Every structure is written in structure tokens, then in C-alpha cells.
Protein chains: 2
Amino acid sequence: MKTLRLNSNDRAVLLGSGFFEQLPAAASSAILDDVVVSTHEEHDVLFAQGEALDHVFFVLSGLVRLYRLGKDGREADIAVFPKSELFRESAMFLGNRATANAQAIETTMLARIDSRKLRKLAEQTPEIADALMQLLCRHAQMAEDCLAEDRLLTAPQRVASYILGNCPDGITNFSFRLPFQKNVLAGKLGLAPEALSRAFSALRRSGVTVKGRIIEIHDRQALERF
Amino acid sequence: MKTLRLNSNDRAVLLGSGFFEQLPAAASSAILDDVVVSTHEEHDVLFAQGEALDHVFFVLSGLVRLYRLGKDGREADIAVFPKSELFRESAMFLGNRATANAQAIETTMLARIDSRKLRKLAEQTPEIADALMQLLCRHAQMAEDCLAEDRLLTAPQRVASYILGNCPDGITNFSFRLPFQKNVLAGKLGLAPEALSRAFSALRRSGVTVKGRIIEIHDRQALERF
DNA sequence: ATCGTGGTTTGACCTCGATCAAATAAGAAC
DNA sequence: GTTCTTATTTGATCGAGGTCAAACCACGAT
């Protein structure tokens with residue numbers, strides 16, 4: 001891990017993200033004032049469950065996986081954060097302790113925002129508090145969705161749901177490229193890689209074609225029915 | 001469902017809860033100013049997925065279950081809220097739409113706080129914003145915990161974890177009464193009632209005794225190892 | 001005490017997905 | 001291209017839980 005200062009490109013990425021977009025420029029500047037950037041190699045562990053965390057993280061580039069360890073060593077993914085996502089904002093309000101491990105899935109650059117300072121700024125700036133609350137809700141919502149899907153859907157249904165989430169409404173024919181390895185998708189969906197593979201092949205008869213990372217849909221209806 | 005005004009007893013319950021406790025009296029009063037109380041019978045549906053929701057709810061008495069429906073009609077519990085819990089605060093920031101169904105598990109009284117107003121007050125009062133953020137984090141955390149447990153633990157382990165969560169640290173011998181039917185506990189843990197029953201009997205050999213709603217633990221260590 | 005009703009347990013069976021092992025494909029480096 | 005390495009797929013097996021049915025039990029109503 002190397003740490004650097006924020007350059008103007010990084011700054012642009014930050015300001016263009018969902019979180020900062022809705023803030024007045026002054027508020028953003030105040031937050032970004034003393035931000036530090038750190039770089040991480042694939043597989044690097046960013047922090048571990050239980051550690052003290054005094055930053056909130058923003059993914060400038062790369063991909064981060066949040067996961068917990070079972071006592072037998074198995075891993076369960078909680079979330080995957082792509083470029084432009086802010087994460088671990090909730091630690092700020094829960095004693096600054098990490099409740100999960102985080103790992104760089106690929107070469108990753110993070111912006112680190114001092115959490116104490118951010119919290120203080122949130123107290124003084126209603127817009128920041130509001131943006132934080134929206135972010136917290138979004139993340140809570142994602143966890144809730146995930147929980148519901150785990151409990152209600154079979155593996156092929158979860159995969160279908162993931163595909164549909166990446167396919168604009170109303171279109172029947174569509175194709176897109178997975179933003180990460182199938183490996184990672186499997187983890188995100190709470191499946192073993194083998195199960196994901198089998199799920200894809202089960203979806204083949206509903207008009208889903210998989211070539212490497214490219215997913216093609218030929219019949220949206222069929223997927224929705226699945 | 002009948003609606004009433006807030007009486008002084010209700011008010012005491014509200015003010016004694018984790019959320020209001022940390023607020024200055026003036027802030028609490030402002031929030032509670034035009035709160036309405038509604039009463040619900042066992043099994044009443046409070047709201048359904050997708051409905052517009054312009055209140056945040058507080059459980060004055062009783063028990064509420066939050067759940068989603070699968071397209072085959074199966075239900076998956078997202079959370080169970082006991083007396084003194086505030087819930088659906090996240091809808092406030094996500095377009096005031098319910099993302100799940102809610103049902104009274106037993107006779108229940110709810111205080112309904114106007115969400116638009118609460119959001120406005122949060123903008124003006126940093127303490128309220130802060131309390132809301134803490135609440136959001138707690139709920140996000142619960143969902144995350146739940147997801148991790150679902151993915152990492154077997155049924156008996158989840159039950160053990162639930163029991164341990166109700167047992168003070170450091171004590172080896174302990175007993176408590178379930179705050180609801182086994183039925184409900186099963187749902188909360190993502191299990192069929194039969195599976196819960198079998199889990200309990202699997203834990204018997206680790207020193208757990210179940211008599212009706214009373215759970216007795218005779219060997220904390222054994223439970224932790226499970 | 002008796003009856004009923006609804007919660008809980010037990011048994012039998014079956015499905016889904018985890019796991020292990022092995023075969024393939026797909027990149028990356030040369 | 002060739003080779004090495006790492007992803008992905010496929011096959012075979014197994015176990016955790018879901019589901020259905022039936023027995024059991026508790027407790028309130030009569």
C-alpha cells in the first residue's frame with residue numbers, strides 16, 4: 001500500500017459521484033480538504049473485522065469486496081463496491097469499528113475521508129447530513145434486498161434478477177459485460193462459483209447466452225417469469 | 001384499525017426509547033407534536049410493498065413483522081420490531097415507498113410520525129439528524145448481520161447465536177423467556193418452524209433446555225463452540 | 001374434566017446447492 | 001504459436017433444510 005495526495009483527476013471522480021454531486025461546492029471542498037489516497041494491489045486486505053477504522057472510503061478506481069469470516073474460515077460476501085462508491089460510512093456512527101473485512105478485488109485506489117471530521121461537518125451542514133442519510137438508506141436497502149433474495153429465490157432466479165437489474169426496462173433484447181469475474185458475482189449472490197455456472201446454464205433455455213464476460217438476453221419476459 | 005391521539009403514557013414510552021433519549025426535549029416535542037396513534041389487531045397488515053408511506057412508525061406496544069413476498073407467495077422476514085423500536089425511517093429518504101410488507105404479530109399500537117416533517121426537522125436540528133443516522137446504521141447493521149449469519153451459519157448455529165445474543169457475557173448458566181412465539185423466531189432466523197424445532201433439539205446435547213417459551217442454558221462455552 | 005383449536009414436534013421424503021475432483025477454456029507471458 | 005497459470009465448467013456425491021403429513025401438547029372455552 002502506498003499513500004498519495006489527491007490529484008485533480010481523482011478530485012473529478014469524487015465530485016462526479018452520486019454522493020458529492022448533490023452537495024454544494026463548498027461542502028465538498030471542506031470534506032475533500034485533507035483527503036488521502038491509498039493504492040492497493042489485487043487481493044490486498046484493506047482492513048479486518050474488529051479493527052478501528054477512522055476513515056470512510058471512496059473507490060477512485062478498482063473494486064472492493066466486503067466480507068465476513070465464519071469460524072471455519074469460510075467467507076461470506078456482504079457487498080461489492082465498484083468505482084465511485086463510498087463505503088463504511090456506517091462505521092462512523094457505530095464506534096468506528098469495522099464489522100467486516102475488506103479486500104481489493106483488483107488494483108484499487110481509495111480516497112480516505114477522516115470520519116470524525118465528516119461527522120462534524122455533517123452536524124454543521126444539513127446537506128451533508130442529508131446526503132449521508134440517503135447513502136445509509138441505499139446501503140441498508142441493498143442489504144435488505146440481498147437478504148430477501150437469499151431467502152426467496154433459487155440460484156437461477158437470483159442470477160436472473162441480477163441480469164434484469166442490469167438491463168434497461170422495456171427492452172427485450174440486450175447484452176452487457178460483467179463488471180467483474182464470475183467468481184466475484186458468485187460471491188455477491190451468495191453462491192459457490194459452480195452454482196453460478198450451473199445457474200447460467202439453466203438460464204440458457206430462457207434465452208440467456210454467456211460468452212466469457214458478455215451476457216446476452218434474448219427474451220426479457222422469460223427471465224422475469226423464471 | 002382505530003386511530004387516537006397520543007396520551008401521556010404513550011408519550012413516556014416514546015421519550016424513554018433509544019431514539020428520543022438522546023434528543024433534547026425541545027426536539028422531541030417538535031417531533032411528537034402532531035403524532036397520531038393507531039391500533040391494530042393480530043395479523044393486521046399495516047402496509048404493503050410498494051405502497052406510499054408518509055409516516056415513520058414507532059411501536060408503542062406489541063410486535064411488528066416486516067417481510068417480503070416471493071412470487072410464489074412464500075414470505076421472507078426482513079426484521080421483527082418489538083416495543084420501543086422506530087422503523088421504516090429509511091423510506092423517508094427513498095421516495096416514501098414501502099419496500100416490504102408489515103404485519104402486526106400481536107395486538108399492536110403504533111405512533112405515526114409524519115416523515116416529511118421529520119425530515120425537515122432533521123435538516124434544522126443536528127441532533128435529530130445524528131440520531132437518525134445512528135438508527136439507520138443500526139438497522140443497516142442488523143440486516144448485514146442477518147445476511148452474514150444466513151450465509152455462514154447452519155440452523156443450530158443461528159439459534160445458538162440468537163440465544164447468546166440474549167445472554168449476558170461471562171455468565172455460564174442462564175435462562176430467559178422468548179419474547180414471541182417460536183413461529184416468529186423461526187421466521188426471523190430465516191427458518192421453517194420445523195427446522196427451528198430440530199435446531200433446538202440439536203442444541204439439547206450442548207446444554208440447552210427448552211420448556212415452552214423458556215430457554216435455559218447450562219453451558220455457555222459449548223454454545224459458543226457450536 | 002372435556003373438547004377444540006392452534007402451536008409445536010417428529011417422521012419421511014426430496015430438492016437445492018455445497019463440496020471435491022477432474023476436465024476445459026481462457027488469458028497472460030514468452 | 002506455445003506454455004503456464006488461473007478462471008470456468010462439468011460430473012458425482014452428499015448434507016442441510018424445506019415440505020407434507022401426522023402425532024402431540026398446551027391452553028382457553030365450555
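**Around the DNA**

Guide: This is a predicted model. Of the atoms of DNA strand D within 4 Å of the protein, 68% belong to sugar or phosphate, and the rest belong to bases.

Visitor: What does Lys182(A) have 3.0 Å from a phosphate oxygen of DNA strand D?
Guide: A polar backbone atom. Asn183(A) also has a polar backbone atom by a phosphate oxygen of DNA strand D, at 2.9 Å.

Visitor: Changing topic. What rotation superposes chain A on chain B?
Guide: One of 180°, with 0.0 Å of shift along its axis and an RMSD of 0.0 Å. The two copies are therefore related as by a two-fold rotation axis.

Visitor: Which C-alpha of chain A is nearest the axis?
Guide: That of Ala140(A), which is 2.2 Å from the axis. As for contacts between the copies, the same surface serves both, and 100% of the contact residues of chain A recur in chain B.

Visitor: OK, the sheet in chain B. In what order do the strands come?
Guide: The order is S3-S8-S5-S6, with 4 strands forming an open sheet and antiparallel pairing. Strand S3 (45-47) and strand S6 (75-82) of chain B are at the edges with a single partner strand each, so one side of each has no neighbour in the sheet. From one strand to the next, the twist averages 30°.

Visitor: How many bridges join S5 to S8 in chain B?
Guide: 4 bridges, between residues 63-69 and residues 101-104. Leu66(B) stands opposite Ala102(B) in S8(B).

Visitor: What lies across S5 and S6 of chain B?
Guide: Helix H5 (residues 126-152) of chain A, which runs at about 130° to S6(B).

Visitor: Last one: is helix H6 of chain A mostly covered or mostly open?
Guide: Mostly covered, as 9 of the 11 residues in H6 (155-165) are buried. Among them are Arg158(A), Val159(A), Tyr162(A) and Ile163(A).

How values were computed
Residues numbered from 1 in each chain as written. Chains lettered and ligands numbered in written order. Predicted model: local features only at pLDDT ≥ 70, side-chain atom pairs only at ≥ 80, totals over all residues. Heavy atoms only, no water. Buried < 20%, exposed > 50% of the residue type's maximum accessible area, 1.4 Å probe, protein only. Helix = DSSP H or I, 4+ residues; strand = E, 2+ residues; numbered from the N terminus. Least-squares fit on C-alpha atoms with pLDDT ≥ 70 in both. Contact = heavy atoms within 4.5 Å. Pairing = 2+ DSSP bridges. Axes fitted to C-alpha atoms, helices over the stretch in contact; angles between N-to-C directions. Near = heavy atom within 4 Å. Polar contact = N/O pair within 3.5 Å; in protein donor to acceptor, adjacent residues only side chain to side chain.
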